[in-house]
Amino acid sequence: MRVGRGIESNGGHFRLFAGLRDDPFFNNVRGTRAAYDLAKKALAGGARYDASGCPVFSSAQSVAILDQWRHTEGGPASNLLRGWTPSAITVSIDIASINKGGSLLAVWGATVGPREQIDRAARPLTGNALLATLGTDAESDALKIRYNRTAPAKAASFAGDIAKGVALYDGFDGHCGDSLLIDPKAPPARRYWPMARLLADDRLWLNSRSGRCTQLFAVERAALNGEAALAGDCGGRSINYDSVNIYRSLITNGTTRGMDDGVHADEKVHSTVDFPFLAAPDGIGQGR
């Protein structure tokens with residue numbers, strides 16, 4: 001049955017929409033790149049890595065790096081994705097149709113071409129932010145291509161590369177050793193592996209018993225970091241979460257605050273209730 005906002009199944013348990021939408025993701029990419037460049041300059045100028053691979057930046061270097069992150073080309077932070085209108089697919093499925101095997105769900109998506117998988121994603125940033133972060137474009141691109149062609153269940157081989165990225169982020173605030181899930185008792189070279197293994201298996205973990213969704217990584221943090229207050233949160237990745245800043249903060253200082261790229265919301269309002277959720281681009285209606 002066709003409806004004004006997509007196609008609905010006969011039983012009403014499944015709904016699909018495909019069409020142009022406003023991209024709900026927001027990210028100060030230029031500020032991030034400037035911060036990376038400043039970190040590379042500091043390391044080239046004598047800043048060292050500790051035994052676990054965390055860069056030991058001075059307080060002044062860290063302040064300068066974080067300041068670059070909060071700006072775009074020296075001015076107010078801007079969202080690189082402002083006005084982007086990708087072809088989007090959104091799906092709505094009744095929970096009762098998919099959680100008969102248990103309330104904990106793991107979700108990820110892939111873009112697949114005629115011959116191979118092209119891309120995959122669930123949480124934000126892992127492929128783009130943690131693979132050869134300060135490496136050459138060729139090194140980074142090669143890793144990302146291999147990573148994106150690999151299913152989460154077979155991605156453990158990337159844990160070592162991701163651990164290097166987590167270690168790098170741990171030093172951006174000028175303090176090493178406070179990244180989420182860091183294991184201080186492990187040998188230095190393995191301290192970031194708990195988080196690296198979690199991120200390599202890039203799936204969104206959702207507690208389908210809860211309708212309260214407020215925190216990125218809520219399920220993981222409740223189960224692995226002992227944060228009991230999050231046990232009733234559905235977790236996942238709502239389109240309105242400030243996912244980029246929360247993600248970076250967790251791997252930098254173990255909290256949801258501190259790493260701020262100056263962009264905290266999309267320019268359009270996206271609904272978590274009204275299908276197809278993503279806002280229509282300017283000049284385009286709801287579509288089918």
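This is a predicted model: local features need pLDDT of at least 70, side-chain atom pairs count only at pLDDT 80 or more; totals for chains, interfaces and linings use all residues.

Residues are numbered from 1 along each chain as its sequence is written, and side-chain values use heavy atoms, with hydrogens and water left out.

Let's start with Phe172. Buried or exposed? Phe172 counts as buried, because its relative accessibility is 0%. You'll find Phe172 in the loop between H5 and H6; helices here are DSSP runs of H or I with at least four residues, strands are runs of E with at least two, and both are numbered from the N terminus. And what does Phe172 touch, if we skip residues up to four places away in sequence? Tyr36, Ala39, Phe57, Ser62, Ile65, Leu66, Trp69 and Met259, where contact means heavy atoms within 4.5 Å. For a sense of scale, the C-alpha atoms of Phe172 and Val263 are separated by 18 Å, and the two are 91 residues apart along the chain.

That brings us to the core. In soluble globular proteins, nonpolar side chains tend to be buried together. I'm calling a nonpolar core a set of buried Ala, Val, Leu, Ile, Met, Phe, Trp, Tyr and Cys residues joined through side-chain atoms within 4.5 Å. The largest one here has 47 residues, and the members that touch the most others are Trp69, Leu130, Ile162 and Phe172. At least two residues of this core come from each of helix H1 (29-44), helix H2 (59-69), helix H4 (137-148), H5, helix H6 (193-200) and H8. Which helix gives the most? That's H5, with seven residues.

Helix H5 (residues 159-170) and helix H8 (residues 243-253) have axes that come within 7 Å and cross at roughly 85°. The axes are lines fitted to C-alpha atoms, for helices over the stretch in contact, with angles from 0 to 180 degrees between N-to-C directions. So H5 is roughly perpendicular to H8; the cut-offs are under 35 degrees for roughly parallel, over 145 for roughly antiparallel, 65 to 115 for roughly perpendicular, and oblique for the rest. On the H5 side, Val166, Tyr169 and Asp170 make the contact, and on the H8 side it's Arg248, Ile251 and Thr252. That gives three nonpolar, one polar and two charged residues. For those classes, Ala, Val, Leu, Ile, Met, Phe, Trp, Tyr, Cys and Pro count as nonpolar, Asp, Glu, Lys and Arg as charged, and the others, Gly among them, as polar.

On to charges. How many salt bridges are there? The count comes to 12, taking a salt bridge as a side-chain nitrogen of Lys or Arg within 4 Å of a carboxyl oxygen of Asp or Glu. Arg15 and Glu8 pair up at 2.5 Å, N to O. Glu8 is buried at 15% relative accessible area, whereas Arg15 counts as partly exposed at 25%. Then there's Arg82 with Glu267, at 3.8 Å, N to O. That pair links distant parts of the chain, 185 residues apart: Arg82 sits in the loop between strand S7 (75-76) and strand S8 (87-93), and Glu267 in the segment after H8. Arg82 counts as exposed at 58%, and Glu267 is partly exposed at 35%.

The peptide bond from Phe275 to Pro276 is cis, with omega near 10°. Phe277 isn't a glycine, yet has a positive phi of about 70°, and Phe277 is in the segment after H8. Ala132, also not a glycine, has a positive phi near 50°, and lies in the loop between helix H3 (126-129) and H4.

Methods. Buried means under 20% relative accessible area, exposed over 50%, partly exposed in between (1.4 Å probe, protein chains only).
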